[in-house]
Amino acid sequence: MIMKNMRIQTMGWILTALLVASGIHLIVEFWLINTRARDAEVAWQEFQDVNDERARAINALVKHMGYGGMIHNYKDYILHRDDSSILRFQDAVGAAKEALSQYDQVKISDAEKRAIWKIREAIDAYAKSIVIARVMVSEGSSASQIDEFVRINNEPALKGVATLIAGVAANRQSEEMGQTKTQILADLRIALGFGGMVHNFKNYILRKKPPYSAKVAKNLQQASTTIARYRRKELNDKEEVSLAAIEGVIAAYKANLKKARTFASKKRVLPEEIDRLVVVDDGPALRGMVHLTREVLPLNHMKRRQVTESLDTI
């Protein structure tokens, strides 16, 4: 009888142990499923952010409106009077409008629609103004005279760009990822381009007014800070080389800003002369930004693969 009771008791312990083990297994399985589901959700959110059509459109817009694009070649034409600047300007205007159309194809707010309209207005104004500038060049007008006659109010367009950037930020899916490389690159283009460094640098040469010099210094610092943000991402060798090239051009502008201040203080030195004395080779920075844009594409493919792998494990 005692042996029988011991066998029953032992069987009870074994059954209890099996039930506990089964319960633990179910809990672990449930935790793993939840973790994998969360990983899949995060991967999907990051994939959506990296492949955001609006973010890519903004990047293209600020590229073609700014550094190496519309405003850069517009100011260069006034200072250099060369037809090649006009051709590059026209190409940039068309590309900027295409970027706005790309942004406009997705579902956007009324504020974003108004912003696009304001930006288009500014682009059209510059397209008309360069025709006037060309006539004034043929008449022998100086760079200062042309700049004074064809000035355009950039504030509505700058506010419009800020509104579109805010729209992209509001549409972000992943809080964990932070800004994507595409968004950081757009910030860099803004710091250097339309309403930024090259815009203010050229205006300082044309107008010789100290506030423009202060704006250039601020824009250069913003560009350096933005590059530091980009460096906090995982980088490959090509990105490192590209960022170094951009930093080299930023350093050249910082050095030439000091020279420009010296020449701007002299009334007899014309803007055209100052421009020749403080010229910077923008090629390395422009090529660097093209390479950075190309390096984002493999990241898109990687995020797509991560989404697929996360879903496969559920």
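What follows is a walk through the aromatic pairs of this predicted model and through one of its helices. Residues are numbered from 1 along each chain as its sequence is written, and local features need pLDDT of at least 70, side-chain atom pairs count only at pLDDT 80 or more, while totals for chains, interfaces and linings use all residues. Side-chain values rest on heavy atoms, with hydrogens and water left out.

A search of the whole structure gives 4 aromatic pairs, where rings of Phe, Tyr and Trp (its six-membered ring) pair if their centres lie within 6.5 Å, and planes under 30 degrees apart count as stacked, over 60 as edge-to-face and the rest as tilted. One of them joins Y74 and Y126 edge-to-face, at 4.8 Å centre to centre and with 85 degrees between the planes. Because Y74 belongs to helix α3 (residues 70-80) and Y126 to helix α5 (residues 110-138), this pair ties together parts that are 52 residues apart in sequence; helices are DSSP runs (H or I, at least four residues), numbered from the N terminus.

Y126 also pairs edge-to-face with F194, at 6.3 Å centre to centre and 80 degrees between the planes. F194 sits in the loop between α8 (181-192) and α9 (197-207), 68 residues from Y126. Y126 and F194 are both buried, as are both Y74 and Y126, buried meaning under 20% relative accessible area with a 1.4 Å probe, protein chains only. Ring pairs link Y74, F89, Y126 and F194 into a cluster.

Helix α2 (residues 53-65) contributes buried residues as well, including A55, I58, L61 and V62, and its buried residues pack against α3, α4 (83-104), α5, α7 (155-170) and α8, with contact taken as heavy atoms within 4.5 Å.

Terms used: Helix = DSSP H or I, 4+ residues; strand = E, 2+ residues; numbered from the N terminus. Buried < 20%, exposed > 50% of the residue type's maximum accessible area, 1.4 Å probe, protein only.
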